[in-house]
Amino acid sequence: MPQDRVVPVVLSGGVGTRLWPLSREGFPKQFWPLTSEQSMLQETVGRATGPGFTPPMVICAEAHRFLVAEQLRESGVTGGRIVLEPAARNSAPAIAAAALLASEEDPHALLWVMAADAAIQDIPALHAALARAAEAARAGHIVTFGMKPTHAETGFGYIEAGTAIPEAPGVSAIASFIEKPDLARAQALLEGGQHLWNAGMFVARAASLLAELERLQPELVASVRAAVDEASRDLDFVRLGPSFAGAPSISIDYAVMERTAHAAVVPADLGWSDVGSWDALWQVSPKDGRGNATHGPVELLDADDCYVRSEGILTTVVGLKDVVVVATEDAVLALHRDRAQDVKKLVDQLKARKRPEAGAHRRMYRPWGHYEGLIQGDRFQVKKILVRPGEKLSLQKHYHRAEHWVVVNGTAVVERDAERILLRENESVYLPLGCVHRLENPGMIPLTLIEVQSGAYLGEDDIVRFEDTYGRA
């Protein structure tokens with residue numbers, strides 16, 4: 001990148017409802033490896049590393065902070081900031097917070113705002129488009145990326161490019177924005193060749209963004225500025241203050257781009273997809289000779305143009321065409337590919353019926369590792385717990401349950417009141433109701449144990465924490 005370094009701002013607040021049952025509120029799609037061996041978040045951050053970029057700023061929900069931190073660590077990313085939103089408020093408040101935080105170091109910082117969950121195939125073309133957008137941004141424009149349409153898509157907004165910007169070759173002013181069209185209009189826009197998909201990716205000076213936000217959304221900026229002033233900093237985390245919840249929930253398109261005279265677009269052909277549905281994921285996935293995309297233990301017989309994914313159990317499909325079948329540990333989804341946008345309606349239905357599978361996986365991720373429910377009965381339940389090397393749980397006690405831990409892989413150090421106990425494979429320990437205890441993995445390999453809980457109440461809120469490495473006490 002020429003001149004000043006670009007500040008990558010990654011928006012990681014979405015929940016990807018249309019990719020249920022894989023993507024759920026507790027573990028959304030940006031944390032899953034959907035198009036490669038890396039997660040969507042890791043791919044996004046990887047596109048913005050190197051000498052032309054500062055360490056990234058990732059904006060996410062408080063509940064996802066350790067998922068983000070761990071995935072950045074796995075990618076070898078250091079020096080980044082993880083900005084925690086106390087409430088979801090759409091893209092405009094998140095981008096305002098990023099601009100204010102970046103301005104603390106450099107009011108003219110050049111921001112590259114990206115969603116954490118998009119797929120891009122042509123990275124050299126992406127960086128070439130970024131260079132063009134950066135030139136326009138240095139001249140005071142707020143630049144969005146317009147993707148060349150490949151089909152008539154009703155799930156995206158469209159941009160009509162206007163007159164060229166002389167000081168930034170390859171960048172144009174925006175003539176108009178078009179809301180998500182119906183199929184007939186989407187087909188007409190595709191055939192006309194003058195319109196681009198709105199990809200929700202932006203480049204601008206922090207000062208330019210803040211100036212337009214101040215002019216167009218002064219109440220939003222006031223709330224976000226107060227939240228930044230109230231922010232607390234803990235390790236790599238920046239916790240925005242409670243005033244953030246007072247900002248209106250509005251997208252940057254509605255708040256600024258559709259109202260400012262400084263909006264510009266850089267056309268790009270990147271092999272881009274928002275991976276916003278199972279059909280979209282099928283489109284960008286490698287396929288066999290019959291058009292089928294598969295992941296996990298899957299067997300097909302006389303199937304065509306299907307997407308079949310399993311996260312564990314053998315999943316088989318016979319004689320079907322244009323279907324999606326997804327099997328997770330606790331749910332199975334089957335649908336025709338042309339109904340992919342209706343998965344959100346299904347999730348809303350599940351929520352209305354208070355099905356826990358609507359938002360939570362059986363496997364629950366924690367900063368130290370994860371646990372997974374295996375069996376639940378009357379006054380007892382069984383879980384599998386994995387603790388990463390060098391990590392430890394909080395020092396805690398329970399009022400309503402006792403626990404029995406059996407180590408099946410690795411080594412554990414257990415604190416039980418005044419005792420300190422070393423456990424190896426096939427060894428166990430009993431934790432009576434009310435004892436103060438802690439679990440630690442001192443080894444070099446993951447620690448796996450089976451936990452049997454028994455008692456009158458087994459909810460996760462029956463935890464009293466006394467000490468915690470991760471600031472949860």
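A search of the whole structure, which is a predicted model, finds 10 aromatic pairs. A pair of aromatic rings is described by the distance of the centres and the angle of the planes.

**Aromatic pairs**
- The rings of Phe 27 and Phe 31 have centres 5.9 Å apart and planes at 55°, so this pair is tilted.
- Phe 27 and Phe 31 are both buried.
- In the pair formed by Phe 66 and Phe 237, the centres are 5.6 Å apart and the planes lie at 90°, so the arrangement is edge-to-face.
- This pair links distant parts of the chain, with Phe 66 in helix α2 (residues 65-74) and Phe 237 in strand β11 (residues 237-239), 171 residues apart.
- Phe 66 and Phe 237 are buried.
- Phe 27, Phe 31, Trp 32 and Tyr 365 are linked into a cluster by ring pairs.

**Charges over rings**
- Lys 287 places its charged end over the ring of Trp 282, 4.7 Å from the ring centre.
- The face of Tyr 371 has Lys 383 lying over it, at 4.2 Å from the ring centre.

**Ala 303**
- The loop between β15 (298-301) and β16 (307-310) contains Ala 303.
- Ala 303 counts as buried because its relative accessibility is 2%, and buried means under 20%.
- Beyond residues up to four places away in sequence, Ala 303 touches Arg 290, Asn 292, Val 317, Gly 319 and Leu 320.
- Ala 303 and Gly 319 are 16 residues apart along the chain, and their C-alpha atoms are separated by 4.9 Å.

**Annotated domain**
- An unreviewed UniProt entry annotates residues 355-468 as "domain: Mannose-6-phosphate isomerase type II C-terminal".
- Over residues 355-468 the chain is 56% strand and 0% helix, with the end C-alpha atoms 31 Å apart.

Notes. Residues are numbered from 1 along each chain as its sequence is written. This is a predicted model: local features need pLDDT of at least 70, side-chain atom pairs count only at pLDDT 80 or more; totals for chains, interfaces and linings use all residues. Side-chain values use heavy atoms; hydrogens and water are left out. UniProt positions are given in the numbering used here, feature names are shortened, and annotations may be inferred rather than shown by experiment. Helices (H or I, at least four residues) and strands (E, at least two) are DSSP runs, numbered from the N terminus. Buried means under 20% relative accessible area, exposed over 50%, partly exposed in between (1.4 Å probe, protein chains only). Contact means heavy atoms within 4.5 Å. Rings of Phe, Tyr and Trp (its six-membered ring) pair if their centres lie within 6.5 Å; planes under 30 degrees apart count as stacked, over 60 as edge-to-face and the rest as tilted. A charge sits over a ring if NZ of Lys or CZ of Arg is within 6 Å of the ring centre and within 35 degrees of the ring normal.
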